[in-house]
Amino acid sequence: MSQQPFSTLKLDSELLDNLASLGYEFMTPIQEQSLPPILAGQDVIAQGKTGSGKTAAFGLGLLAKLDTAKLQIQSLVLCPTRELADQVANEIRRLARGVPNVKVLALSGGKPFRTQAESLEFGAHIIVGTPGRIEDHLRKETLKLGSLTTLVLDEADRMLEMGFQESVENIVRQTPKARQTLLFSATYPEQIQAIAKRVMVKPIMTKVESTHDSTTIEQHFYKVEDDQQRLRAVRLLLLKHRPESTVVFCNTKREAQDIATDLRSHGFSVLALHGDLDQRDRDQTLVRFSNKSASVLVATDVAARGLDIDSLDAVINYHIARDAEMHVHRIGRTGRAGSSGKAHSFISDKEGYKVALLQDYLGRTIEGEALPQASLLNETPNKPEMETLLIEGGKKQKVRPGDILGALTGEYGIEGTQVGKIDIFDIRAYVAVHRDAVKTALKKLSEGKLKGRSFRVRVLRGHPEASQKRSYN
Ligand code: AMP
């Protein structure tokens, strides 16, 4: 972590004070390298990935030059996935907390078009969205980019991987020529270089190490022979390290379900994330994992795209990733800016060639370590600290986090410190509540009113991937 404080930058005091209140004191390497040219108005290509602090790098760039007096779209951030777009929008909102009246709007697929069009009519300063949906809005003229001053391509390599090249280029064509363009990408393949050449003007290149240094991510490798040993090894590692939040990466949907079922049968609190979940179940799974109502998430690589959960303590590679870049991408989910994490990977003799490639990439020899002692298997897994309440009312019903917090902590209610993350979707809201306070919280919310109305409320306890499976049979 770099030692340059944000105060060395030419930023307004309202942005600086807010950074201090967020606990961002020193810049991360990517911020240190990219912010000076970004603030000077130059086009910048920054090679760095999720976890490096890239969102704050471009977010501060956008906010520094934003003119809130003009209610016009001044910045557009394109992201590969809905989850990432939502996260980026939220991070920009957090960064903008000290600046009055900044309107940030997320426009991604999977959400009703019409509601988005209505929000656009009210005006916005910063749009964060996925290419497909942004194109839809441009086509229907619900979105116009004539006043744009900054365009950000976030996770550009992922956007291309997901087939968004044409959309991105089409969108770029509809923005003013005299704009600042910022491109963030974990890798910098030829295809990206070609796009950069077409859409950027004399870009400044910045790069931070693509592999995390070993002080922030501890990597461990263990030799296993078959899936039986893998399952046992996952349990041993979870029982030994007792991480609060762990993602177990695997290769197929089937595998994700099997691992989740096995862990569950041994008392772990686990959810699975894979491509067969519908949008609602996917949202719920991510909400419950990120608000600490489930401690293990078993995910396929495809399903985990764009997944960015703060303070992941550990990543387990059930099977080693198909290539070295994917491995680094997976383990990059732990050891976020400034905190440390552990990555545990299982390797078998059959995967020797992948291990050899990984050794080259990481520049180190990989040797299997001993797994924790078997006696740990008799111990009881951690229970997650929180549980999630589902409220059948959301943005459409104008439910806001403050309403939920107010209803929970009012007379005879629970303590504010027992309330965790609140996530509000279009017609649903989720609030994490400390395990010991769930009963009272449920009663307060079911009997009380939000926005003068009563909503149905229940505790989310099932596991959606299993009910999906049933519905297919
Ligand atoms: P990102 O790479 O944008 O996904 O950011 C990773 C995480 O680091 C986010 O949770 C940010 O809130 C956090 N973060 C970003 N910049 C800083 C900083 N300078 N100091 C501490 N945390 C940071």
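How do the residues of the lining of the largest cavity divide into nonpolar, polar and charged? The model examined here is predicted, and the lining of its largest cavity divides into 6 nonpolar residues, 3 polar residues and 1 charged residue.

## Cavities

A search of the whole structure finds 6 cavities of 30 Å³ or more, and the largest cavity has a volume of about 110 Å³.

The largest cavity is lined by Leu 238, Leu 239, Arg 242, Pro 243, Phe 268, Ser 269, Ser 295, Val 296, Pro 381 and Asn 382. Among these lining residues, Leu 238, Phe 268 and Val 296 are also in contact with Leu 263, a residue taken up again below.

## The seven-stranded sheet

An open sheet is formed by 7 strands in the order β3-β4-β2-β5-β6-β1-β7, with parallel pairing. Its edge strands are β3 and β7, each of which pairs on one side only, and neighbouring strands of this sheet are turned by 15° against each other on average when direction is ignored. Helix α2 (residues 29-39) packs on the sheet, where the helix touches β1, β6 (180-185) and β7, and its direction makes about 175° with that of β1. Strand β1 (residues 44-47) is joined to β7 by 4 bridges, the two strands running parallel, and Val 44 stands opposite Ile 204 in β7.

Strand β4 has parallel partners in β2 and β3: 4 bridges join β2 (residues 75-78) to β4, and β3 (residues 104-107) pairs with β4 over 4 bridges.

## Ile 127 and strand β4

Which residues point one way from β4, and which the other way? Ile 126 and Val 128 point one way and Ile 127 and Gly 129 the other, and all of them are buried. Ile 127, found in strand β4 (residues 126-129), counts as buried because its relative accessibility is 0%, under the 20% limit for that class.

Not counting residues up to four places away in sequence, Ile 127 touches Ile 73, Ser 75, Leu 76, Val 77, Leu 105, Leu 107, Leu 120, Ile 134 and Leu 143. Ile 127 and Gln 74 are 53 residues apart in sequence, yet their C-alpha atoms are 8.3 Å apart in space.

## The six-stranded sheet

A further open sheet is formed by 6 strands in the order β8-β13-β12-β9-β11-β10, again with parallel pairing. Because β8 (217-223) and β10 (270-273) stand at the edges with a single partner strand each, one side of each is left without a neighbour in the sheet. Neighbouring strands here are turned by 20° against each other on average, direction ignored. Within this sheet, strand β9 (residues 246-250) and strand β12 (residues 314-317) run parallel and are joined by 4 bridges, with Phe 249 standing opposite Asn 317 in β12.

Leu 263 has its place in helix α11 (residues 253-265) and is buried, with a relative accessible area of 1%. Leaving aside neighbours within four places in sequence, Leu 263 is in contact with Val 234, Arg 235, Leu 238, Phe 268, Val 270 and Val 296.

Glu 351 is placed in the loop between β13 (341-347) and α14 (352-362). Is this residue, Glu 351, buried or exposed? Glu 351 is buried, because its relative accessible area is 8%, and, apart from neighbours within four places in sequence, Glu 351 is in contact with Arg 230, His 319, Ile 320 and Phe 346.

## Loop residues with positive phi

Most residues other than glycine have a negative phi. Glu 141, however, has a positive phi near 60°; this residue lies in the loop between α6 (131-139) and β5 (150-153) and counts as exposed at 55% relative accessibility. Lys 202 likewise has a positive phi, near 35°, and lies in the loop between α9 (190-199) and β7 (204-207), where Lys 202 is exposed with a relative accessible area of 74%.

Terms used: Residues are numbered from 1 along each chain as its sequence is written. This is a predicted model: local features need pLDDT of at least 70, side-chain atom pairs count only at pLDDT 80 or more; totals for chains, interfaces and linings use all residues. Side-chain values use heavy atoms; hydrogens and water are left out. On a 1 Å grid over the protein atoms alone, a cavity is a set of points where a 1.4 Å probe fits but cannot get out, and a pocket is an open set with protein on both sides within 12 Å along at least five of seven lines; lining residues have an atom within 4 Å of a point. Grid points are joined across faces, edges and corners, and a volume is the space filled by probe spheres set on the points. Ala, Val, Leu, Ile, Met, Phe, Trp, Tyr, Cys and Pro count as nonpolar, Asp, Glu, Lys and Arg as charged, and the others, Gly among them, as polar. Buried means under 20% relative accessible area, exposed over 50%, partly exposed in between (1.4 Å probe, protein chains only). Contact means heavy atoms within 4.5 Å. Two strands pair if DSSP finds at least two bridges between them. Axes are lines fitted to C-alpha atoms, for helices over the stretch in contact, and angles run from 0 to 180 degrees between N-to-C directions.
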